[in-house]
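Work through these exercises with the structure open. Each task is followed by a stepwise solution.

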Amino acid sequence: MRIAMFGYQTWGHRTLRALLESGHEVVLVVTHPPSDHAYERIWSDSVADLAAENGIEVIERNRPDEALAARLGEVAPDLIVANNWRTWLPPEIFARPRHGTLNVHDSLLPAYAGFSPIIWALLNDEEEVGVTAHKMDAELDAGPIVYQQAVKVGPRDTATDLFHATVDLITPVVHTSLERIAAGSTDWVPQDRTRASFFHKRAEEDSRIDWTLPAEDIDRLVRAQSDPYPNAFAFHGERRLRITRASVSKGRYGGTPGRIFYPEGDGVVIVAGPDARTGRARGVVVEAVRTDDGTDLAARDYFRRMGGYLTPHPRSTT
């Protein structure tokens, strides 16, 4: 098959590599220009560079236009394969090839359509994450499923761990999907829209720690915002403090959420939870922090004395 590829960042790079290994002919690559968005500066392997290294024509666009549609008509692909294409593809693009468009998405659709699915899935304590290849239609991430693979979420996995686990699924998912399409299969599985969920892009506000949440939720937030993602953060007085490693306390601690309370294990307990005042809640053991100047510190080295609070917003100490 003649294939045109739409993709961006490491997901698109890995997809293009899988296409190059598949034995099919890649006739055109479309990718986005580099971005300054925090989530687009990481996992930023260049699709354009890989295409150029393999002598494939590259077009950079933020979104499709008439010139791109015309060029697709000229190269006449049998199939478009997309992964991490960040803007809407209209029907005159996705329906143009005789086999349509295969979209590769890093979630177990129909759940976690949209953006940052691994982070949202980890925050929601899902047991599995994965990769889905589906035929694109007019509704975002909603077309029938061609092939899907899952991996288990470990009890201490971070979003970084799950990124590596799922990005390694791209090659087998793409290869199997291409084999099925090339063989003439059409028995794709419609998505159950009653199980669908759609998530927005992560932003700074989504990493702010609310100490009234249960300790288990805060622990997952810290793991979901693991390096190189923007870390979960709170404020110690007027200083922003990024929490880079934490866990749920073994002991139960009572008081006011956010109180810097007591050493436990390798860290310092911060009181947490909606019912923290009862003394029946677990706290968050903060084990490692990072200041805004990039200095990494063990929590016990940063918190030399107990007392005071970590707060969601800056608080003057004067």
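Buried means under 20% relative accessible area, exposed means over 50%, and partly exposed lies in between. Keep these cut-offs at hand. The model is predicted.

**Exercise 1. Is the pair Tyr112 and Phe199 stacked or edge-to-face?**

Solution. 
- Step 1: Take the geometry. The centres of Tyr112 and Phe199 are 4.8 Å apart, with 10 degrees between the planes.
- Step 2: Compare with the cut-off. Planes under 30 degrees apart count as stacked. The pair Tyr112 and Phe199 is stacked.
- Step 3: Place the residues. Tyr112 lies in the loop between strand 5 (101-105) and strand 6 (113-114). Phe199 lies in strand 9 (residues 198-199), 87 residues from Tyr112.
- Step 4: Tyr112 and Phe199 are buried.

**Exercise 2. Which residues form an aromatic cluster, and which arginines lie over ring faces?**

Solution. 
- Step 1: Find the cluster. Trp11, Trp43, Phe163 and Tyr229 form one aromatic cluster.
- Step 2: Look for charges over rings. Arg202 lies over the face of Trp120, 4.5 Å from the ring centre. Arg240 lies over the face of Phe233, at 4.5 Å from the ring centre.

**Exercise 3. Trace the strand pairing around strand 11.**

Solution. 
- Step 1: Start with strand 10 (residues 232-236). Strand 10 pairs with strand 11 (residues 239-252) in the antiparallel sense, over five bridges.
- Step 2: Inspect the turn. Strands 10 and 11 form a hairpin with two residues between them. Gly237 in the turn has a positive phi of about 70 degrees. His236 has Arg239 as its bridge partner.
- Step 3: Move to strand 14 (residues 282-291). Strand 14 runs antiparallel to strand 11, and eight bridges join them. Arg252 stands opposite Arg282 of strand 14.

**Exercise 4. Which residues touch the most other members of the largest nonpolar core?**

Solution. 
- Step 1: Take the core. It has 71 residues, and Trp211, Val286 and Phe303 touch the most other members. Helix 5 (residues 117-123) gives the most to this core, with six residues.
- Step 2: List the contacts of Trp211, leaving out residues up to four places away in sequence. Among them are Ile218, Pro257, Ile270, Val284, Val286 and Leu310.
- Step 3: Look for a second core. A separate core of 17 residues includes Leu28, Ile59, Trp85 and Ile93.

**Exercise 5. How many salt bridges does the whole structure hold, and how do Arg14–Asp168 and Arg220–Asp217 sit in the chain?**

Solution. 
- Step 1: Side chains of opposite charge can pair when their charged atoms come close.
- Step 2: Count. The whole structure has 19 salt bridges.
- Step 3: Take Arg14 and Asp168. Their closest N and O atoms are 3.0 Å apart. Arg14 is in helix 1 (residues 9-22) and Asp168 in the loop between helix 6 (159-167) and helix 7 (170-182), so the pair ties together parts 154 residues apart in sequence. Arg14 is buried at 17%, and Asp168 is partly exposed at 49%.
- Step 4: Take Arg220 and Asp217. Their N to O distance is 2.5 Å. Both lie in helix 8 (residues 215-224), three residues apart, about one turn of the helix. Arg220 is buried at 12%, while Asp217 is partly exposed at 28%.
- Step 5: Finish with the network. Salt bridges link Glu204, Arg240, Arg242 and Asp292.

Note on methods
Residues numbered from 1 in each chain as written. Predicted model: local features only at pLDDT ≥ 70, side-chain atom pairs only at ≥ 80, totals over all residues. Heavy atoms only, no water. Phe/Tyr/Trp six-rings, centres within 6.5 Å; stacked < 30°, edge-to-face > 60°. Helix = DSSP H or I, 4+ residues; strand = E, 2+ residues; numbered from the N terminus. Buried < 20%, exposed > 50% of the residue type's maximum accessible area, 1.4 Å probe, protein only. Lys NZ or Arg CZ within 6 Å of the ring centre and 35° of its normal. Pairing = 2+ DSSP bridges. Core = buried A, V, L, I, M, F, W, Y, C linked by side-chain atoms within 4.5 Å. Contact = heavy atoms within 4.5 Å. Salt bridge = Lys/Arg side-chain N within 4 Å of Asp/Glu carboxyl O.
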